[in-house]
Amino acid sequence: TKDIVDLLHRTFASKVTTPLAAEIKASDHDLNEILTIASILQRESKTKAEMQQIAGVIENRLAIKMPLQFCATAQYASGYDAKQKSWWVEPTLLDTQVQSPYNTYFVSGLPPAPIPAPSIGAIEAALNPAENDYLFYLHDPHGQIHYGKTAADHHSNIAIYLR
C-alpha cells in the first residue's frame, strides 16, 4: 500500500507540482483551492476553452463574494444515486439544499476539497482563468454553452435555451 501511495505522490509531483510550480506560486489560491476549482471545472465544462471561461466565472463570483451555486457540488453532496447508478445525476431543488460543506448552494466560497479528480487541463485552466465579465453560464440541451454578465442575461438564456 505504501508503494502505491508513493507512486501516486511521485506521479502528482511530476505532472502537477513540479511543472506548474511557478504558476501555483503566482496564483491567488493555494494548491488545495486550485485543485478544488479544477475539480469543479472538470464536472462543469466540456472543453478546455469552457474550462478557462468558467474559471473566470468562478474568480468573478469569488471576488464579489457571490455564491458559486454549481450543480456539480450539489450532485457531489447528494451522493450516489442507487436508482440511476450514478454519482452525477442532475440535481433537484432538494439536492441544492443538502447541508454539506461541499454544496456551494448551501455554503459560501469553495468546497473544502476537490470533488472529482481533476485533469491536467482543468488544473491549468484553474491557474489561467479567462478574464471575462461573466457571472453566469448554462449548457443548452445540445451541450452548447451560453454566458451571461447579469442575472437578467442568465434568465434570458434560460428562457431561450432551456424552455
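Me: Where in the structure is the place of Met51?
Reply: Met51 sits in helix α4, where a helix is a DSSP run of H or I with at least four residues, a strand is a run of E with at least two, and numbering starts from the N terminus. A word on the source: this is a predicted model, in which local features need pLDDT of at least 70, side-chain atom pairs count only at pLDDT 80 or more, and totals for chains, interfaces and linings use all residues. Residues are numbered from 1 along each chain as its sequence is written, and side-chain values use heavy atoms, leaving out hydrogens and water.

Me: Why is Met51 called buried?
Reply: Buried means under 20% relative accessible area, exposed means over 50%, and partly exposed lies in between (1.4 Å probe, protein chains only). Met51 has 8% relative accessibility, so it counts as buried.

Me: Which residues is Met51 in contact with, leaving aside neighbours within four places in sequence?
Reply: Contact means heavy atoms within 4.5 Å. With those neighbours left aside, Met51 is in contact with Leu41, Gln42, Ser45, Ser119, Gly121, Ala122 and Ala125. The C-alpha atoms of Met51 and Ile123 are 9.3 Å apart, though 72 residues separate the two along the chain.

Me: What makes α3 and α4 oblique to each other?
Reply: Axes are lines fitted to C-alpha atoms, for helices over the stretch in contact, and angles run from 0 to 180 degrees between N-to-C directions. Helices α3 and α4 (residues 48–63) pack at about 125 degrees, with axes 10 Å apart. Angles under 35 degrees count as roughly parallel, over 145 as roughly antiparallel, 65 to 115 as roughly perpendicular and the rest as oblique. The pair α3 and α4 is therefore oblique.

Me: Which residues of α3 meet α4?
Reply: Ile37, Ile40, Leu41, Gln42 and Glu44 in α3 do, and their partners in α4 are Met51, Ile54, Ala55, Ile58 and Glu59.

Me: Why are α3 and α6 described as oblique?
Reply: The axes of α3 (residues 31–44) and α6 (residues 120–127) come within 8 Å and cross at roughly 120 degrees, so these two helices are oblique to each other.

Me: What covers the buried residues of α6?
Reply: The cover includes α1 (2–17), α2 (21–26), α3 and α4. The buried residues in α6 are Ala122, Ile123, Ala125, Ala126 and Leu127.

Me: Why is Thr104 called buried?
Reply: Its relative accessible area is 0%, so Thr104 is buried. Thr104 lies in the loop between α5 (71–78) and α6.
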